[in-house]
Every structure is written in C-alpha cells, then in structure tokens.
Amino acid sequence: MPRVAPPDVDRAAASRAAVAARRARAAVKHAVATRERSATDVVDAAWKDEPVPAEASLRVTELLSSIPGIGPIRVSRILDELNIATSKRVGGLGSRQRNRLREWLQEREHNDGAGTTRLVVLAGPTAVGKGTVSTFIRENYPHVHLSVSATTRKPRPGEIDGVNYYFVTDEEFDRMEAEGRMLETATVHNAHRYGTPRQPIEEALAQGKSVLLEIDIQGARAVKRAMPEALLIFLLPPTWEELVRRLIGRGTEDSAEQARRLVTAKVELAAQDEFDYKVINHDVSEAAQEVVDLLGMPSRA
Ligand code: 5GP
C-alpha cells in the first residue's frame, strides 16, 4: 500500500511545533547556563506528574553541558559515572537513574562557588608534551591562571622571563626557599632547580580563580601533601614508542641525556596511578581542552 503523505497543513503545523520545542529547550539551557535556574529545578519540572515538555525532552547531555564549568569531556565522564546513555532525555530516565542524577546535581550545586575553585597540577613523564599543552592553554584560554615557576636554568630561545619562568640565580632561588616563598621545589633531571612560588597561587585561589601548575612528578606529590584538595592530572603519551620519538625528535638533549631521560620516563610512568585523572596527549588542543574541562571552567568559545 503506498503511504499517504500527511496534508500540507499538518506538516507545516508539525514543523512549527518542532521549532517551538527547540526554542523552548534552548531557553531552558540558557537559563541554566546563566544560573537563572538550577539544573535540579529543570529535572524536577521534567519529572512532575504533568511534566513540562521542554524540560522532559531535553537530553541529559544537553542539560549537563549547559551547567557553567562542565565541558564535553566531563559530560561523558559524568554520564558514565551515573550509568546514563548519551541519547537519554531527562523525561525518559528510569527511577534509579533519576535518583542518581538528582543526587549528583544537588551535590554539585551545594559545592558550587568557592568549592569549585581548584588547584590543578599537570604532571607526566619527560617529553610527553606538558610544556606544549600548558603553552597552548596559556595562549588559548586566557581565563586560566597558569602558575609561573622559578628556575635556575637558562632561558631557551624565545622564552620570556616572567612568562615561561622566572629565571633566577642559585642565590635568588635559595633566598626564595629560605623565606618560605615556595609551595614546592625540586631538582629536575639532576640538573637545575625549579619551584612554584606560593603567593600568586594563594592570591588567585582567594579571588575564586582556578590555578594550573605544570610541574614534574615529585612536585605534584609535594603539592598534594601541602594541599590535599589539589587535583592531580597525569599526561600520558599515546604509546611508549611515541614518547621515545618525541624525546629524540625535539633534539634539545644530547644522546647521553636522552638515554638518561628515557630511564627516568619509565620510572615516572609507573607513578600514573597516584593521580586523580589521566589524559592521553594524542593531540595538543584536545588534551588542553580536557585539562581545562577538569579545571571546572567554561570551554573556549
Ligand atoms: P623545562 O626545563 O624543560 O622547562 O622543564 C623541565 C621539567 O621541570 C618539566 O618536567 C617541568 O614540568 C618541570 N618543572 C617546571 N617547573 C617546575 C616547578 O615549579 N616545580 C617542579 N617540581 N617541577 C617543575
């Protein structure tokens, strides 16, 4: 039997209704994004005896990603954690999923504000690309407060004092340490000293900003001891072969130093399970986005 097409008038009405529904969903997302409405309020409207259609037909993915500070990578982690499929609409959740989602949202709303301010440490083995990821973040996410370390090593071509590092003498470094101005210090690759100045971090956190530290693994452990609320991210290479290729390819170390660093990298990789999150550096911009997501900050526009 040939299918009978609906009359034109019905089709036009259906498409008008679809446009209106999309607009209504967009308005809900906008209200959540601007904190005019809480996400809990939205789910409650969707789960009433007579559900509000815009709220009920919103996908859980859309609801979560409209919450300030939650980017796409966190959305998929949260959905995994709550055991909710990406295609699910708020109104279509089962009762256990509803309970889990509501509890999660309430917890997040409770911690919103000062609680979301974060100290995030990005560490990982030598040559994994931590520096490249943090440079990408500095250039593309100006709202992220990136800590500037002090070091006793000499600047490389293109590095700027006060931007990449504070380049200091051994004596200045000693003084900063003695005066308690360092959150942590370490001698890296048995060569130069590096340290994280404490004051800029404390000031940024007090102003409600999230702070990112790109330091080595010993530094990450020291920060966790000093500030247990810090979130530790371990940057991983896609494979060991890729790490070797990056270390040799960048040509900044001679072959004896390369061999030494590869031994260190093996030891460093073994520390990955001490970290809260692992991010694989397949692609610099994606890894950077993932790190920024974990800072609980808005994505790049
Ligand atoms: P580079 O000299 O290549 O810039 O950095 C060498 C290593 O020192 C990298 O692993 C980098 O993460 C680490 N590093 C940079 N700043 C600090 C710091 O303030 N503290 C610690 N512990 N490590 C740092």
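For the sorting that follows I count Ala, Val, Leu, Ile, Met, Phe, Trp, Tyr, Cys and Pro as nonpolar, Asp, Glu, Lys and Arg as charged, and the others, Gly among them, as polar. I keep in mind throughout that this is a predicted model.

Entry 1, the ligand shell. With those classes I sorted the residues of the shell around the ligand and found five nonpolar, four polar and six charged. I then asked which of the 15 residues around the ligand come nearest, and I noted K130, R153, Y165, Y194 and E214.

On the backbone side, a polar atom of G195 lies 3.1 Å from an oxygen atom of the ligand. Taken alone the ligand exposes 520 Å², of which the protein buries 91%. I also checked which elements give two or more residues to this shell, and they are β5 (182-188) and β6 (192-197).

I turned to helix α5 (residues 72-82) and helix α13 (residues 284-294), which pack at an angle of about 65 degrees with their axes 8 Å apart. I therefore recorded α5 as roughly perpendicular to α13. The contact is made by P72, I73, R74 and R77 of α5, together with E286, Q289, E290, D293 and L294 of α13. Sorted by class, the residues of this contact divide into three nonpolar, one polar and five charged.

Technical notes. Residues numbered from 1 in each chain as written. Predicted model: local features only at pLDDT ≥ 70, side-chain atom pairs only at ≥ 80, totals over all residues. Heavy atoms only, no water. Near = heavy atom within 4 Å. Polar contact = N/O pair within 3.5 Å; in protein donor to acceptor, adjacent residues only side chain to side chain. Areas by Shrake-Rupley, 256 points an atom, 1.4 Å probe, with all protein chains shown as cover. Helix = DSSP H or I, 4+ residues; strand = E, 2+ residues; numbered from the N terminus. Axes fitted to C-alpha atoms, helices over the stretch in contact; angles between N-to-C directions. Parallel < 35°, antiparallel > 145°, perpendicular 65-115°, else oblique. Contact = heavy atoms within 4.5 Å.
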